[in-house]
Amino acid sequence: MPLVSIVVETRAVAKNFGDVHALLATDFTLGQGEIVALLGPNGAGKTTLISLLLGLRKPTAGKVALFGLDPRDRRARTRCGVMLQESGVPEFLRVREIVDQFRSYYPSPLERAAVVEMSGLEDKSDALIHTLSGGQRQRLYFALAICGDPEALFLDEPTVGMDVEARRNFWVRLRDSAASGRTVLLTTHYLDEADAIASRVVVIDKGRIIADAPPRVLKSRVETKRVSFDSSQPLVDADVAGLPIRRMAAADGRVSIFTAEPQSVLRALFQRGFELRNLEVVGASLEDAVVGLTAEGRD
Amino acid sequence: MIVAQSRSEFLRLIRVPAFSIPVLAFPVMFYSLFGLPWAHRHIDGIDVGSYEMASFGAYAVISVALFAFGVTVANDRGSKTTVLMRATPMSPTAYLVGKTLATLVFALLAIAALFAFAAITGGIRLQPLLWLVLAARLLLGVFPFLTLGFAVGYLAGPNSAVAILQLINLPMSFASGLFVPLDDLPLYVRSIAPYLPAYHFGQLAWGAMGAPVEPIVTTVLWLFGFTVVFAAIAIRSYYREESKTFG
């Protein structure tokens, strides 16, 4: 195993909010130079995990080390750049003014011009923050995240509120930023986003990490079609024995089969004499994939 | 860090007309109503125009301090700027010192505007040194109002902070004799006044104009006491919020 220095590491870290178990005991390691996407539906625990990594929340149990330090240590924060969901900045400052303010927090910040250029805000440098659009605002938060020339970027839902083109431009900027050796951890609920940027995807659901693999590997597990139909007779496992299916679910007389080979499954079902009504074949959504991965985890 | 922080804090104050216009214009406006008619009259050897200028100078500094601290702190909490700041290496000291310096500069602007108005329209003339002494006393006495603003900023929401601060500012300034001399106020108000921070702050200002006031040590002790009490309330609210937001 190559010796890679660790940016952040958790040991059995868990977080409860009252009776809600937002994050169950989790081991997570982020190595230097990695670009990792934390993927999962809303409420899965992504933001909770990132808050614990950054010391914005105290763990209920377990430990977090950021650059080998307590995440609440200023020396650790000096090496990080952060974009958070729903965190604001003073509305009556200009873009260049808040960038300068944030640059002043770091020992060796990037030049203002470089920050503005890297975040695509060249023509908005003199604009007051309250005049920015949603997408421009996200770019400003990205500017504030990179202005300290951080070794690691922690981005919570960085492309939320962006249209397709803006998201693609953001990915380019993020890749440029990562090409210089920066470690990146971002949360997203878009599979294509994780696929486009990350070298490793961590799927999180109901407070647990349920998959941790390069996107290629994950996609081969996830690239599944959902075949669904109404059936007069309930299907049992024996009915689909020997067929290349990953998972079968039935509810209210409607059967869903997840498979990478829908044609051969359907052919076999017809041959076996099943009557399939209201047949539908669609690509499995991320939600299906996460459900599938959760089901695999239980096997 | 502190220079950049102070600069940002000052810019965000001066760019909000709802803040900058009232705190710069109200003291001048009130002085023209309550102070100017009395310019060049003397009561017990005290020039009433100068006395009133000191009163409204105190009122100006109190307004700036309460609103600059209270409203921006409440806004920073409401917009979750505090959360983003927490994720940076900014030191809490820089945050507080930045706000304090921005407040002092703004307070200096407010009293400079008032002094210029009083000198030009009221013909108020003081020894050159006395202008500076009055300004220095007004700025040095600001601390109880900074910590009071900070406490309200941490207790109130961004929408209620302005209303609450105004409900504190106007009655307190009035009952402390900053608008109308205490001798002209009802007895019950006069009996409350010595327990108000603005009253002791007023003592600091009136003393500079040669009016008979309580001993300076008494004034300083009262102002120091209020500073500590309000700071304690602010720190308690801060930690309460800290455990809620970052716990």
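Is Leu11(B) buried, partly exposed or exposed? Point 1 answers this.

Some ground rules come first. This is a predicted model, in which local features need pLDDT of at least 70, side-chain atom pairs count only at pLDDT 80 or more, and totals for chains, interfaces and linings use all residues. Residues are numbered from 1 along each chain as its sequence is written, while chains are lettered from A and ligands numbered from 1 in the order in which they are written.

1. Leu11(B) is partly exposed, because 18 other C-beta atoms lie within 10 Å. The cut-offs are 20 or more for buried, 12 or fewer for exposed, and partly exposed in between, with C-beta atoms placed from the backbone. Leu11(B) sits in helix α1 of chain B. Helices are DSSP runs of H or I with at least four residues, strands are runs of E with at least two, and both are numbered from the N terminus.

2. Leu11(B) reaches across to the other chain. Leaving out residues up to four places away in sequence, Leu11(B) touches Leu93(A) and Glu97(A). Contact means C-beta atoms, placed from the backbone, within 7 Å. Within chain B, Leu11(B) and Ala102(B) are 91 residues apart in sequence, yet their C-alpha atoms are 8.5 Å apart.

3. Now take the whole interface. It pairs 20 residues of chain B with 24 residues of chain A. On the chain B side, α1 (2-14) and α4 (81-86) each supply at least two residues. The largest share, five residues, comes from α1(B). By class, this side has ten nonpolar, six polar and four charged residues. Nonpolar means Ala, Val, Leu, Ile, Met, Phe, Trp, Tyr, Cys and Pro; charged means Asp, Glu, Lys and Arg; the others, Gly among them, are polar.

4. Look next at a helix pair in chain B. The axes of α2(B) (residues 17-35) and α5(B) (residues 92-121) come within 9 Å and cross at roughly 30 degrees. The two helices are therefore roughly parallel (angles under 35 degrees). The contact involves Val23(B), Leu24(B), Pro27(B), Val28(B) and Tyr31(B) of α2(B), and residues of α5(B) including Leu109(B) and Phe117(B).

5. Finally, check α5(A), residues 134-146. At 1.5 Å a residue, its 13 residues should span 18 Å, and the end C-alpha atoms are 19 Å apart, which agrees. The expected span is 1.5 Å times one less than the number of residues. Buried residues of α5(A) include Leu140(A), Phe142(A) and Ile146(A). The buried residues of α5(A) pack against β5, α3, α4, β6 and α6 of chain A.

Technical notes:
Axes fitted to C-alpha atoms, helices over the stretch in contact; angles between N-to-C directions. Parallel < 35°, antiparallel > 145°, perpendicular 65-115°, else oblique. Contact = placed C-beta atoms within 7 Å.
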